[in-house]
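Hello,

Here is the structure I promised to pass on. Please look it over before reading my notes below.

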Amino acid sequence: MSSEQTTMSGSVHLTLPVGDPDPVAGCRQCLGVAVARANARSVGDYSKATDANVVLRTHLREDHGAE
């Protein structure tokens, strides 16, 4: 019999997922991405909704100086 460890050492701690980023009021690009995200969710395309969140976070960081 081998003494090789086959289980994890220690507990796994998961956190809640990060919420959706909010579009900036009056920004057409933010609004367009937020609408695309809502449309994707409405048809069950959660992968596309996640992609929209990535695009919106990048836009917020690059164009609005958000963290």
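Start with H59: setting aside neighbours within four places in sequence, H59 is in contact (heavy atoms within 4.5 Å) with C27, Q29, C30 and H64. The side chains of H59 and H64 also make a polar contact, at 3.1 Å. That term covers a pair of N or O atoms within 3.5 Å; within protein, one must be able to donate a hydrogen and the other to accept it, and residues adjacent in sequence count only if both atoms are side-chain atoms. H59 is buried, at 5% relative accessible area (buried is under 20%, with a 1.4 Å probe and protein chains only).

A word on provenance. This is a predicted model: local features need pLDDT of at least 70, side-chain atom pairs count only at pLDDT 80 or more, and totals for chains, interfaces and linings use all residues. Residues are numbered from 1 along each chain as its sequence is written, and side-chain values use heavy atoms, leaving out hydrogens and water.

H59 lies in helix α2. N53 is found in helix α2 too, which spans residues 46–64 (helices are DSSP runs of H or I, at least four residues; strands are runs of E, at least two). N53 is buried, at 8%. Its side chain makes a polar contact with that of D20, at 2.9 Å. Not counting residues up to four places away in sequence, N53 touches D20, P21, R37 and R41.

Now the whole chain. It has two helices and zero strands. Of its 67 residues, 19% count as buried. The C-alpha atoms fill a box of roughly 65 × 30 × 15 Å along the principal axes.

Best wishes

Technical notes
Buried < 20%, exposed > 50% of the residue type's maximum accessible area, 1.4 Å probe, protein only.
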